[in-house]
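My notes follow the structure.

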Amino acid sequence: MAIAKAERLMNLALCLLGTRRPLSKRELRESIEAYLEAGSDDSFNRMFERDKDDLRELGLVIETVENLDGEVGYLARRDSNRLPPITLDAEEAAALGLAAKVWQQARLAGAASGALQKLRAAGLPEDVDPYEAHGALEPRIPVHEAAFEPLMLACRDRRPVVFDYRKATAARPEPRHVEPWALECWRGHWYLAGWDRDRGAERVFRLSRITGKVRSRSGRFTAEVPDVVTVRETVASWAGETADRSALIRLRTGAGYPLRAKATAVRELGDGWDELEIPYGHGLDAWLVEFGPDVVVLEPAELRADVVDRLRAVAKG
């Protein structure tokens, strides 16, 4: 049904943009197959009025014109629905080039390159090379997870999804029904923030733990989508960035430099070990597990227990 409506809207927009004179409802009904299949005049009129409102909401400027006989016609003038020419200075072009290079190793590389080609055709300064190196360091956003693209599209289109997800403490994945809100990259990993329908609460999922295909579901969101700032704070909190207390760990000398960068205090213990005091927030246990035998949690007891549980789950496969 969604595809049929999109096709109907597209046909109506093409009719209104392609005519040089206003078209009446009767002429539009005779020109569009979906309108011919309408059961009655009332059904057609309701369908047409909804479609007209939808096109206007999407930004199409539709004029209503009454001719000498009093008949009402509709058209969408091309000059009223044409975007202004795109003009970019050298700094703006360089910024776009830098943004496109960020995605060159991701699945959006083709889209980014195509966008720059269109901008070049639309008037990008000829003396500016968007791919020219602007420094010794080049940003990259790696996206290796197959779930990234379908989740990105689901976030954009506000479509519920279903996928199998394996928690760090679980041996097997389990299905999750999610209303996706936004994707965030944090510490080299991608996370999805959304509403978990089964648990009736917001959750954050690490894409690398999604197994199998992401499957779309019909229907609308049941929970209100928060603003972007709130979603980003949620992702950071669940990924472990927000800390409200401290943890004490032992760290092997010469290892765990990301942990050392976060440490508020470091003390040498000798025998190849150091003692670190680090901020403790939600998700720290999952981060510590990544350092394997180089980390030993001393305090608090619940953090130590969480890390041990995760390690046991990994050992079980």
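**Core and helix notes**

I started with Leu 16. Beyond residues up to four places away in sequence, Leu 16 touches Leu 28, Ile 62, Tyr 74, Leu 75 and Ala 76. The model is predicted, so I kept its cut-offs in mind: local features need pLDDT of at least 70.

I placed Leu 16 next, and found it in helix 1. Is Leu 16 buried or exposed? Its relative accessibility is 1%, and under 20% counts as buried, so Leu 16 is buried.

I then checked one of the contacts, Ala 76. Leu 16 and Ala 76 lie 60 residues apart in sequence. Their C-alpha atoms are 5.0 Å apart in space.

I looked up the largest nonpolar core and found 18 residues in it. Leu 12, Leu 16, Leu 28, Tyr 35, Phe 48 and Leu 55 have the most contacts inside this core. Two elements give it two or more residues: helix 1 (2-18) and helix 4 (41-57). Helix 1 gives the most, with five residues. Another core lies apart from this one; it has 17 residues, including Leu 259, Phe 291, Leu 303 and Val 307.

I moved on to helix 7, residues 148-157. Which residues are buried there? I noted Phe 148, Leu 151, Ala 154 and Cys 155. Down the axis of helix 7, the buried residues fall within an arc of 130°, so they line one face of the helix. I looked for what covers them: the cover includes strand 4 (161-165), strand 5 (174-186), strand 6 (189-196) and strand 8 (210-216).

Last, I checked what follows helix 7. Arg 158 does, and its phi is positive, near 55°.

Conventions: Residues are numbered from 1 along each chain as its sequence is written. This is a predicted model: local features need pLDDT of at least 70, side-chain atom pairs count only at pLDDT 80 or more; totals for chains, interfaces and linings use all residues. Side-chain values use heavy atoms; hydrogens and water are left out. A nonpolar core is a set of buried Ala, Val, Leu, Ile, Met, Phe, Trp, Tyr and Cys residues joined through side-chain atoms within 4.5 Å. Buried means under 20% relative accessible area, exposed over 50%, partly exposed in between (1.4 Å probe, protein chains only). Helices (H or I, at least four residues) and strands (E, at least two) are DSSP runs, numbered from the N terminus. Contact means heavy atoms within 4.5 Å. The arc is that of the directions from the helix axis to the C-beta atoms.
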